[in-house]
Every structure is written in structure tokens, then in C-alpha cells.
2 protein chains.
Amino acid sequence: MTFDLLLLAPVGAILALSFAIYLALSILRMDEGTDKMKEIAQAVRIGSQAYLKRQYLGVSIFFVVVFFILLAMALKNYLVIFVPFAFLTGGFFSGLSGFIGMSIATQSSNRTAQAASKSLNSGLRVAFSSGAVMGLTVVGLGLLDLSVWYYFLNWYYSCHAIPLGTDKIAAITSTMLCFGMGASSMALFARVGGGIFTKAADVGADLVGKIEAGIPEDDPRNPAVIADNVGDNVGDVAGMGADLYESYVGSIVATSALGVAAGLGVAGVTVPMVMAAVGVVASIIGTFFVKSKEQADQKVLLAALRKGVFASSFIVAVVAFFLVKATLGVENLGIYWAVLSGLVAGVLIGLCTEYYTSSGFKPTRSIADASLTGPATVIISGIAVGMMSTAIPIIIVCVAILLSFYLAGGAANFNIGLYGIAISAVGMLSTLGITLATDAYGPVADNAGGNAEMSKMAPEVRKRTDALDALGNTTAATGKGFAIGSAALTALALIAAYREQIIIFGKDINASMMNPPVLVGLFLGAMLPFLFCSLTMRAVGRAAGKIVVEVRRQFKEIIGLMELKVKPDYARCVDIATAAAQKEMIAPSFLAISAPIIVGLLIGIDAVAGLLVGATISGFVLAVMMANTGGAWDNAKKFVEEGHYGGKGSAAHKATVVGDTVGDPFKDTSGPSLNILIKLMSMVSIVFASFIIKNTLFK
Amino acid sequence: MTFDLLLLAPVGAILALSFAIYLALSILRMDEGTDKMKEIAQAVRIGSQAYLKRQYLGVSIFFVVVFFILLAMALKNYLVIFVPFAFLTGGFFSGLSGFIGMSIATQSSNRTAQAASKSLNSGLRVAFSSGAVMGLTVVGLGLLDLSVWYYFLNWYYSCHAIPLGTDKIAAITSTMLCFGMGASSMALFARVGGGIFTKAADVGADLVGKIEAGIPEDDPRNPAVIADNVGDNVGDVAGMGADLYESYVGSIVATSALGVAAGLGVAGVTVPMVMAAVGVVASIIGTFFVKSKEQADQKVLLAALRKGVFASSFIVAVVAFFLVKATLGVENLGIYWAVLSGLVAGVLIGLCTEYYTSSGFKPTRSIADASLTGPATVIISGIAVGMMSTAIPIIIVCVAILLSFYLAGGAANFNIGLYGIAISAVGMLSTLGITLATDAYGPVADNAGGNAEMSKMAPEVRKRTDALDALGNTTAATGKGFAIGSAALTALALIAAYREQIIIFGKDINASMMNPPVLVGLFLGAMLPFLFCSLTMRAVGRAAGKIVVEVRRQFKEIIGLMELKVKPDYARCVDIATAAAQKEMIAPSFLAISAPIIVGLLIGIDAVAGLLVGATISGFVLAVMMANTGGAWDNAKKFVEEGHYGGKGSAAHKATVVGDTVGDPFKDTSGPSLNILIKLMSMVSIVFASFIIKNTLFK
């Protein structure tokens, strides 16, 4: 019975990938538009591929080095021999899903612009399909990787000795847990590198183009305009995809490990894996709900997107009930309520994010209002809104934690309570296929707008792509909230799994906050997200500075550029941003990976536990604050541009532009990178647990 | 032997107060300057008194209400009957030290300006003496209050039944612990109300005066100029004094309680009390080191101030050794190292703050550098610097925690380790008399500059007061770092004392981070400082808006104002800022006081422990970040004003003015208020512990 159900996981994986291929092919069959449109799209495509190629090259060096470190550790019996290989596949599939998502996104921008020349709804369909390819690829590849490893280890441990004297299923989940580190590392580089690239190009293009030269956004004369469009793809598509791939895989493996610890055996693994498969089917069904009449307005379109997400969530909510009942029995039906609380929490955090960042509501309006007294008050009110906006998501996550722990039965059996918390993360992420689709659709719409502008399409097309883009801003903010919330829950599951791993190695953690190493770990952990943000923001500043210099040089040296007689050297800007991003992502990445190892070696495993919890709580709050502040500034600027407080060109508008520029690294570089920081540190701690136990100075 | 030593505490108190009176009298004998100077000083004095009067009136309502709540709780046996009265005296003495410090500060500004017309050094002497009055009043009144309660309770419990079946000394310390809540509450109102007042007046005066009307800072035509000067006194003098009064008293009572828990008996109380007395003497001696040649430059003056602090620290470091040896015996000499690590940590945090906020070093220079690309990059680089600056202070505090715990002997005896952490806070605060003097000197110098400007003294006088003011900015930043660091250590001591209190009531806390209520508490606690900052920043915005409206009205309606024929209505602006501050401080105060009670009643005492730790770690990091960001912005602006990057009036200067304006509520309202938030929440938890234990929904 149980075995049969687990087979649904690879089936779901194949289903997701097949449907993604079907959608991709149908996009590729669509009208590419005029030659000019094709040409621009190709430039963006080439730039994006060049970026990814260079990134993957640099990252592969990292992967090879870490692979050999892990291999050496495995040969010294710190790790099971499969971990180094699992590390590679985790990284590979994460990178692959980023690559596929970005490829289809860069194929879709001109097709979206072309479709938008017919109607808003046609444009939406193309952009959304592109997002769906990304979403389904992420869940498909994630589930595939998990299934292959599960069945391989299951077979292997059936005919070989099981390490550490545990039983088979514990050995399987313990090994699979480590495999998340590959996905985490890849996600880090994708998020941080992509985040630096996208904002360096954006800020650099704006500072010289819009402010100094006075040409509009997306003007083809701006040498950094292609780099700006490339940035949307490498940051918001590939980066976001890798981030959520990691959460998805991480939450499932952590839940499995905790399920085994709770004594649920194979059933503890079956539930999260099959839930993910159910989510795939639900997501595919959900995509069919995303449609509306041809001449729909923005509100209707948003409702259409929502309908897709709600339909998927509803399907998961119903099927999960029977799944839990069949697998874990009526006595463990509490687990179902844990799933449900995660699912509902994800939706609520999204809605809350929308309230704080949409210009339809009071908070963002108050920032626009502050623009009348200049940039300083825009900044102060923006930060105040962002800080305020942390309260409700935190309370939602807290309620989800308590509900999932106690409803799962944590009062009687502590480990099953932890399993409940972990599975609420799986519940939240089960509909990732479609939530990611609504999110990854945004950059495509953004690029479509750029394409329409540069290819000089009719003004109503640009107006439609602007409407799609604005809708994309809303869904992007929602998606960010969702990504942060799921990262926090996943991190908690991973921290609990870290403790399990320590127990497997025959030690235990004194996790009391009164234990000084834990307390010190908490302090250090709370500080790390701030340090990490500082590093990434400075990186954006330096990289943007290089773009500024280059754009100024081209404006000065290329004669005939301003008269549109000669084309600027787009590729040069892409190159510079790429090189800068690669260089700048080293320091923050090193911090994220080395911090738990250093703390562990110096102050011991208890301090690492404190570090992880401290970083998770502080990183969660800071990430929400930065993402929402940035989103609210962006939309406050758009609100003024719509004609309020003097509209475009007014002093109020200039004040909001300052806010928006500050918000760029907040919402697109530093804030989202924190998701990875907190998950990756847990992963590193898990993988290096036995090494630290044996080599720490502080025993 | 022990009894004899403890008598040093009241002796120290009387010594401190006597020397403060002596200094105050010598200030009052000094030359008040011209009639114009007297007149301006009087306006500031009247405004400050009016503010404090109104604040104390409002606060006294709060105190009466809480007194009766506590009385009701005492009558229902939730509390010892002395707690409500101790609550009153704690608040009264805290308020009194704020009042005295502010009175002498407002007497000193014109005298400082007058003295500065002779030499820089003369000006420094007056301003520093005024600060010393404040510093010694705070420690004197604090130590007096502690001594009186100690001896009273000691006598009372000698002839009456001891509650809860504990021994006498435990009953004394448990009662005295609660007394900190009065000081905390008063500090909250002083910091938050004063912080809102000072920045509302400052921002309001600048927005209309400097930017709209184009008149210089401190121009007598600006109707808000007196309010601005009043603000320095009520925020930076009275607010800072109340904050540190609370840390001082809080760290001593928490240490005493933990000493009893560690089985040290009366000796555990003697050490912190007598250490404080030693610190008084050391501080008084230290003030004599603060002098230099008549025509000294700024560097020499800073060295002179430092010499005073270092001399005091050295004396405490030496005497504490013999004190610990005599009181606790050679076997507990580790406690001495705990004291020393706190003392050194305080000095190091100060130096680190200076590095990050002084324009002599790279971080602040980098912000000035960013001014060339406009306000947005000034903001981004400032926040990046502020975030970066959190790392070292956190590491310093972590090292101090580990050292003081383990050197005190925490590995063998957990409770003595906690005592070590607590006494490191006492060590850090022992030299408060002089560190507060170097800090409270700043606002006096600032006001002296305002006085010189408004009374049209010779330009070199203004130049000298500007130099004093700049020096004051450095010491203010150092002082803020010190205030935050000591608040964090004090909060930790209070949290440990909270657990002790729970144990006395026959329960215990499961402080494991894996315990879901603790985890939820940590999340909520990490979020609260953000919410609190949001509330206080918005409060400043709203209050400043009211000032803006009033200043604009006066400029428009008062004919002859701009031609200096008619004086503006200064008092009106003071009134408006006062009323606004009183109104706006209600919401954040309510949050700070109610949060631990609500969390306790809903999720239990474990969650409260998580809440306190979460708020302490996140509040500490955020407070450092906000204080340093604001300080660095301020000094980056001053650096540009000195003639760099185009100097005053350039685009770069305007960009740094935006940074400075954003930094105002960061460094003077929200950041410093966080110190109180974390201490007050612990205090409230201690006082309401038994009430929550009996009435929580979550048992």
C-alpha cells in the first residue's frame, strides 16, 4: 500500500515535466512579432545565456572544490559516501531548472508583447504560460531528483550494510537530507549573483540614462538597457526559481527525516513526497482556471490569477485529507491540520504582503503622501511601513507553528509535533507549481514592456504591457512574501533535522536559551542577516558604479548614439555587470557557508543551534521588512506617476524616485537573498555536523 | 565584615550627590553672559520645564493607575506589598534625576557660550561639569534608592514573616527586583516622549526654516528654534539619563537576585552595590583628569575626556579585585574577571562606535563619497554602513558573555555563571558617573552653539562651540553604543532573574528553543523592535508635520518676522511639540508594556522567555544599526559642510542633508528607545510573573 503511493512521486515529476514541455512548445509556436522585436529579444536572450554560462562556470569550480571536500570527509567517515554525489545532483537540477525557466522566459517576452497587441488577456496568457513552465520545471525536477535518490538508496541499503547502526529508512532520509546542500549552494549563487546583476544594471541604467541624460526608461539609446532586461531574467526568474527549488526540496527532505525520528517509518516519507505529487496535479489543473474574457481589465486579470491559486490550494486541501488518513491512519489525522495550516498561512502572507505594498491601500499611499515634503520623508515613511508590515506575517507564521505542532499531537509526542511543523512547510509549498507561475510571469511582462518600448510598438501595446507589469508587481510582492514565509518554515524544519542528525551521531544539543553558547549563537545569528545585507547592498553599489562609468563613456565616445544613428554596445554592459556580479557574490557567499562551521568549531554544536535559530528569526523579519519596503516604494512611485501629487517630473515624483532606487537592492537583492542565507546555513550545519562534533574546540 | 562593606553603598550615594551639588553651585556662580544670552537661555529653560511638567503630569496618571493595579495584585498575593511602593520610588527618582540633569543643562548652555568666548577649554569645562552633574545625580539617586530599600527590607524582614518560604535575603532581592519597573516605565516615557519631541522640533524647524525659507540653523527668526533647543535637553539629557538610570539600577538588582540564586547570600548583593559605590569615587576622581591647556584643539580635548574615562575604569579595575577577594573569597575570584570583561567590553564598544560614525574613518567617508551620485546612494550606503557596524559590538558582547560565564565558574555551577554575566553588566556600568558626563555634555555644547548664534556673538565663539558640538557628536555616539551594550547585558541579567522569579513561585521554564512556545516567543520578540521603531518613526513624522504647519503659519501671519522686527511665538511651537509627543508616546509605550503580558496570558511563561530573548537580540542589533547609521549620516553631512565634494549648498550637500534628516529619528528616537523596550519588557515580565502563571490560558 505505502509503496504504491510513493510511486506517485516520480509519476508526479514526469507529469509536471511533460506539461511544462507541452506549454513550452505551445509558446514557441506563437508569433514572434516584427524583426525588430525578434532582434531585441535575441539580444536579451544572448545576454542572459552569457550570464548564466559564466555563472555556472564559476559555480562549477565551487562545486568541484566542495565535492572533493565532502568526498574527503566521506572517506574519513564523517559522511555517507553518497553525500558528495547528492550534493552535485542537487546543484545540477537547481541550476537546470533556473536555466530552463530563464530560457523560456526570454523566448516569451517578445511573444507576450506581440500577443498584447491583440488584447490584454492574450498577453497575460503567454506570460503566464511562461511562468507555469518555470513553476512546473522546478517542482518536476525537484520531485524527480528526490524520487531517484529515494529509490536508489532504498535499493542500495537493501543489499548493503546500513551505516551508524540505524534502520534503513533512517539511513535513507539522513543521506537525502544532506543532498539539499547542493540545491542551497546553487540557490545562493543564483539569488545573490542574479540579485547583484539585476540591480547593478537597473540602478546604473537609471542613474545615467533617466537622471543624467534625461531619456526614458527602456530607451534603446541607453547602453545598459539590455543588461537591465537581462537582469530581470537572471535575478527574478532564475534566482527566484532556485530559491524556491531549494525550499521545496529542503522542506520535503527535512520532513522525511523528522518523520522517521517520530517513528512514522516509511509513511513519514510517503506523506510529503506524495503531497508534493498531489500539488503537481493540482497546479496543472489550476492553470486552466487562469483565463478571462478578451478585453478584461487589470482587476479581472488579478482575480483570474488568484482563481488558479485558490483552485489548486482547494484541491490539495481535499486530497491531503485522504492521503494522511490512508497513510498515517485516523489516529494521526492531526497531521492533516498541520498541512492545512501551512497551506492557509501561505495564502494569508501573500494577501498581507499585497496590502502593504499595493498602491490601492493606505500604507503605500502614505508613502506617496510623504513625497510632498521631499525624499527624506519618503525614506522615513517607507521604512516605517516596511517595519510595520513585519507584524502580521510573523504572527501568521507563529500561529501556523503552534497549530501544526499541537494539532499534529506534539503535546503527547514531541517528535510528531516537529513533524507537524515541517509538514506545514510542505503544505505551504505543495502548490508551488502555480504560485511560482504567477510570480515568474512578472519579469516576462516587464521584459515585454521593454521590448514594446524599444521596438516602437503602438502606445496602446505599451499601455497593456504596463498593465501586465503592474499586475506582475503585485504578484511579485505576493511571491516574495510566500518565498520568505516558506523559507522560514523550511529553515525551522531543517534546524529540527539538524538536531536529529546530531542525535544520530550519538550526541544531543542543549538548546536552552540559558545555555551561554546558545545565547551567544542567538546573538551572532541575529546579527548575520544584517551583515549579509550590508555586504550585498555594497556589492550592488560597487557594481552599479561600474555600469555608470561605462554608460557615461559610451554616451561620450560613441558619436551619433543620441541621434539613434549608431547602436550602443549593449554586450559590454552585460559583460561588466556579469563580471561584477560574479566577483561580488563571493564575500556574502563565503560568509553564509563559513559562519556555521566557524561558530561550530569555536563554540560548539549548541552555539550552532542558536546561530541557526537567531538567523532564522532575525532574517525572516528583516527579509519581510526589506521586501515590503522596496515594493511599497516602487508602487508609491508608480502611484505618483499615475498623476497624483503633481505626477511625472514633479518634485514629489523625484522624491519617490529616490525611494524606489533605495528600494531596488532592498527588494531584489538583499531581502530575497536572506531566504537562502537561513536555509543554507542550516544545510551546511547538517552536512558538517559530524565533522564539527569531532573537531570542535568547545566540547 | 560584609555588613560594613555594604554601608559603602549609601556613603557612595551621598558622596555622588554632594559632589554633584558642589559642581552645580560652581556652574551657577559662573558668568551668564549678555542679557540677550540670558534671555535665550531662559526661553529654552522655560520650554524645557514646561515640557517636563506636562510629561510628568501625564506620566503621573500612568503611575497612579499602575500603582493601584499593582496594589490590587499585592492584595491578591500575586506580589509582595512593597512592590507598588517600590514602583513609585523607582519612577520618582528616575524622573528626579532627569529633572535635575536637565535643569543644570539649561543653566549651562549660555554659561558655556560665554566661557567659550575666552577659550575652547573653558567652554569644555563648563559643559563637562554640567554633564558630570547629570552623571553623578543618576548614580547617586540610583544608589540611594537601592540602599534605602535594602536597609528597610532588611529591617522589616528581620521582625516580620518572610513570604513564599524563602530566606530573608532572597525575599529582599526578589522585592527589589520589581522596583526596577518604576525606573523602566519612567525611562520609557522620557526616551520615547523626549525622542519624539526633539526630532519633531528638529525636523520641523529644518524643513521649513532651512529648506523652504532659506534661513540658517538656529536662526532666531525660526519659530521652532527654541523648541529645537528644548528638544536637545528633554531628549538627549533627560531621556538618556533615565535610560541609563534604569540600566544602572536594573543591572544591580538583577545581579543581586542572581547572586542569591547562586547561593552567595548577602555577599552576592554586597559585590554589585559596593562596586557601584567604588565606581562613584572613581568617577569623581576621573573628572579631575578632564582638563587641558587653554588653547587646546579638538583632538586634545577628546583625549582629555578619554583620560577621565580611562582613569576611572582603571581605578574600578584595581579596586574590584580586592573587593571580590574580600567579599567572595579567593575561590570565587573568577567573578572579578567577569567584572573586568564587562568593563573592557563597554570601552571597546565605544571605540568601535566611534570608528563607524566619525568622519575621520572610512565608513562615514564612504557615505560622503556616495553623495556625488545623489540622495539614494547616500541612503543605501548609510544603511549598509549601519548594518555592517553591528558585527563587532555583537561579537564583543558575545565574548563578554562567554568569558564572564565561564571565568566566573559557570561550567561547574550554572547559577554562578549567570551571576558572572549579570555582574559584567554592573562592571560595564560602574563608571557611569563619568561616561554619562562625557555624553550629557554634548547637548549642552549644542545648545551653547544655538545660544551664540541667536545672541549674535563673535564668529569665533560660534566656531568654538561648533568644535565642542562636533566633539559632543563623537562622545554622543560613543555614549549611545555604551547605552545599548549595557542595556543588552542588563536585559540578559533581567531575563535570568525572570527565570529565578518563576522558580521562586514554584514553576520552571522550559527554555529550549525546540519548545514551540519558546520558538514562537522568539519570533514575536524579534519582530517587536521593528514594530516599535515603526510606531516611533511615524510618531516623529506626524509630530514634525504639526510643527511644519505652525512654522509656516507664523512665517505667513506674523508681519515683520523676517525683518527681525517682531519675535516669533516660540512658546507655541514648544506647546505643540509637547502635546504631540505626549500623545504619540502612548501607542509605543502600550506595546512595550502589554506585549509580555498578552503573550504570557495567551501562550504561557515559556513564550515570554522566548519573547524577551528574541526582543533582546533583535533589538540590540537594530538599535546599534539605527544609532550608527544616524550618526554616520550626521557626520557625513558635516564632512561635506567642511568643504568636501563641493561643500555647503552643493548637490552633494543636499544629498547628505537627506541622509541626516532620515538619520534623526533613527539615532535620536527609535534606536535609543529600543534600549528601554528590551529592559522594560523583562521588568514587566518579572513583576507580572505570578499573575501570568496563575491566569495563563496555556499551562
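**Two chains and how they meet**

Reply: Start with the interface: 55 residues of chain B are in contact with 54 residues of chain A. Keep in mind that this is a predicted model.

Me: What makes a residue of chain B count as in contact with chain A?

Reply: The cut-off is a C-beta distance within 7 Å. By that test, 55 residues of chain B qualify. Helices 12, 13, 16, 17, 20 and 21 of chain B each give two or more residues to this side. Helix 17 of chain B gives the largest share, 16 residues.

Me: How do the residues on that side of chain B divide into nonpolar, polar and charged?

Reply: There are 41 nonpolar residues, 12 polar ones and two charged ones.

Me: How do you know that the same surface serves both copies?

Reply: Of the contact residues of chain B, 98% recur in chain A.

**One chain as a whole**

Me: What is the secondary structure of chain A?

Reply: Chain A has 22 helices and zero strands.

Me: Why is chain A called as compact as a globular protein of its length?

Reply: The globule rule gives 27 Å for 699 residues, and the radius of gyration of chain A is 24 Å. The two values are close, so the label applies. The C-alpha atoms of chain A fill a box of roughly 75 × 55 × 45 Å along the principal axes.

Me: How much of chain A is buried?

Reply: Buried residues make up 69% of its 699 residues. As for its contacts with a separation of 6 or more, 85% join residues 24 or more positions apart.

**Helices**

Me: What makes helix 8 of chain A mostly covered?

Reply: Of the 22 residues in helix 8 of chain A, 21 are buried. This helix runs over residues 266–287 and reaches 32 Å from first C-alpha to last, close to the 32 Å expected.

Me: Why is B:Ala623 called buried?

Reply: The cut-off is 20 or more other C-beta atoms within 10 Å. B:Ala623 has 31, so it counts as buried. Its place is in helix 20 of chain B. Leaving aside neighbours within four places in sequence, B:Ala623 is in contact with B:Ile484, B:Gly671, B:Leu674 and B:Asn675.

Me: Why does B:Asp145 count as buried?

Reply: B:Asp145 has 25 C-beta neighbours inside 10 Å, so it passes the cut-off of 20. This residue lies in helix 5 of chain B. B:Asp145 touches B:Thr89, B:Gly90 and B:Phe93, not counting residues up to four places away in sequence.

Me: Why is A:Asn77 called exposed?

Reply: A:Asn77 has 12, so the label holds. A:Asn77 is in the loop between helix 3 and helix 4 of chain A. Its phi is positive, about 70°, although it is not a glycine.

Me: Why is B:Lys456 called partly exposed?

Reply: B:Lys456 has 13 C-beta neighbours inside 10 Å. B:Lys456 lies in the loop between helix 15 and helix 16 of chain B. It too is not a glycine, and its phi is positive, near 55°.

**The core**

Me: Which residues have the most contacts inside the largest nonpolar core?

Reply: They are A:Ala200, A:Ala577, B:Ala200 and B:Ala577, in a core of 553 residues. Beyond four places in sequence, B:Ala577 touches residues including B:Phe197, B:Ala200 and B:Ile547.

Terms used
Residues are numbered from 1 along each chain as its sequence is written. Chains are lettered from A and ligands numbered from 1 in the order in which they are written. This is a predicted model: local features need pLDDT of at least 70, side-chain atom pairs count only at pLDDT 80 or more; totals for chains, interfaces and linings use all residues. Two residues are in contact if their C-beta atoms, placed from the backbone, lie within 7 Å. Helices (H or I, at least four residues) and strands (E, at least two) are DSSP runs, numbered from the N terminus. Ala, Val, Leu, Ile, Met, Phe, Trp, Tyr, Cys and Pro count as nonpolar, Asp, Glu, Lys and Arg as charged, and the others, Gly among them, as polar. The expected span of a helix is 1.5 Å times one less than its number of residues. The radius of gyration is taken over C-alpha atoms; the globule rule is 2.2 Å times the number of residues to the power 0.38. A nonpolar core is a set of buried Ala, Val, Leu, Ile, Met, Phe, Trp, Tyr and Cys residues joined through C-beta atoms within 7 Å.
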